[in-house]
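This report describes selected contacts in one protein structure. Please look at the sequence and the model before reading on.

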Amino acid sequence: MQIGNLAGRLVIITPEGAVDVAGASGNRFDSDPQRIYDRWSDFLSWAEHASLPEASPFEREALQAPAPRPAQVFAIGLNYREHADESGFEVPAAYPPVFTKFPSCITGPYREIRLPEGDVDWEVELVVVIGKPAWRISTEEGWDYVAGVTVGQDISERLLQFAMTPPQFSLGKSLPGFGPIGPVLVTPDELDDPDDLELSCSINEVVVQQGRTSQMIFSVGELIATLSSSVRLQPGDLVFTGTPSGVGIGRTPPLYLRDGDELVSTISGIGTLRNRFVRSAEAPASAADRKVS
């Protein structure tokens, strides 16, 4: 099943179009896309047996983030060997590097993103959406706690990220719009192998990243087990699972996003994000404009 956030309302996406969940369920389920994760099991049971009305055509550009207001957003660093190499870090052995993206950075799949001063980089990632509370679960149970997966970009302002010693990641990766996700959420049963999906991204039609999620050092199951060993995961939480090689900071010379660039991010079986970056006088200041004490 595919679900989406169509102009702020929860919908089921079919080949024919979109079905409004609140209307189809007689308001048994809320129209708010974020709230469905608190009732994910009930929703799946209803959707499996419901006689859905005829789907309505819709504009893809009206789709918004399928989990627009997560309580927690986790991100995994250096989860692909070649990305660790290009970043100049050792490949993690026993434990994945974990940081947070603040939830206010989440935006939709077709939104413009304001480009601040600084070195703004891209990182295409598989994003997992948690479907039920998870606490101290095993790797083998990990996928049982996943509502679905979507495409994400861990946009990063590198000057701010590395403005301190040791580096801090969360602020530089949480500017407004720096967490686009979408275009839909796909349940794992829709995918031939949810642990082996092709992902790529391009800038102005030039491919800059390409890989497969089977190349991750820590699998989705391992990540959920690791996170839940320390933190109580909640329905609707997001996990950005890491990026393959090809980011701008790893190039010689480094390459960063510029005003007017279009970033297109795709994962097989899920869909495509299309975000344009625009310069704004109101964009947040970069690390170069900040004093660090």
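Is K173 buried or exposed? K173 has a relative accessibility of 1% and therefore counts as buried; the term buried stands for under 20% relative accessible area, exposed for over 50%, and partly exposed for the range in between, with a 1.4 Å probe and protein chains only. The model is predicted, so local features need pLDDT of at least 70 and side-chain atom pairs count only at pLDDT 80 or more, while totals for chains, interfaces and linings use all residues. Residues are numbered from 1 along each chain as its sequence is written, and side-chain values use heavy atoms, with hydrogens and water left out.

**Salt bridges**

A salt bridge is defined as a side-chain nitrogen of Lys or Arg within 4 Å of a carboxyl oxygen of Asp or Glu. The whole structure contains 13 salt bridges by this search. The table presents some of them.

| Salt bridge | Closest N and O atoms |
|---|---|
| D20 and R9 | 2.7 Å |
| K173 and D154 | 2.8 Å |
| E262 and R274 | 3.5 Å |

The partner of K173 is D154. This pair links distant parts of the chain, 19 residues apart: K173 belongs to the loop between α4 (158–161) and β13 (179–186), and D154 to the loop between β11 (146–153) and β12 (156–157). Helices (H or I, at least four residues) and strands (E, at least two) are DSSP runs, numbered from the N terminus. D154 has a relative accessible area of 0% and is therefore buried. Both residues belong to a network in which salt bridges with shared partners join K101, D121, E123, D154, R158 and K173.

D20 and R9 form another salt bridge, with D20 in strand β3 (residues 17–20) and R9 in strand β2 (residues 9–14), eleven residues apart. D20, at 24% relative accessibility, counts as partly exposed, and R9 is partly exposed with a relative accessible area of 37%.

E262 forms a salt bridge with R274. Because E262 lies in strand β17 (residues 262–267) and R274 in strand β18, the pair ties together parts that are twelve residues apart in sequence. R274 counts as partly exposed, at 39% relative accessibility.

**An open sheet**

In which order do the five strands of the open sheet stand? The order is β8-β18-β17-β14-β15, with mixed pairing; two strands pair if DSSP finds at least two bridges between them. At the edges are β8 (113–115) and β15 (206–212), each with a single partner strand, so one side of each has no neighbour in the sheet. β8 pairs with β18 (residues 271–279) in the parallel sense over three bridges, and R114 stands opposite V278 in β18.

**Aromatic rings**

Rings of Phe, Tyr and Trp (its six-membered ring) pair if their centres lie within 6.5 Å; planes under 30 degrees apart count as stacked, over 60 as edge-to-face and the rest as tilted. Y37 and W40 form a stacked pair, 5.5 Å centre to centre with 25° between the planes. The rings of W40 and F43 have centres 5.4 Å apart and planes at 45°, so this pair is tilted. W40 and F43 lie in helix α2 (residues 40–49), three residues apart, or about one turn of the helix. Both of these residues are buried, and Y37 is buried as well. One aromatic cluster is formed by F29, Y37, W40, F43 and W46.
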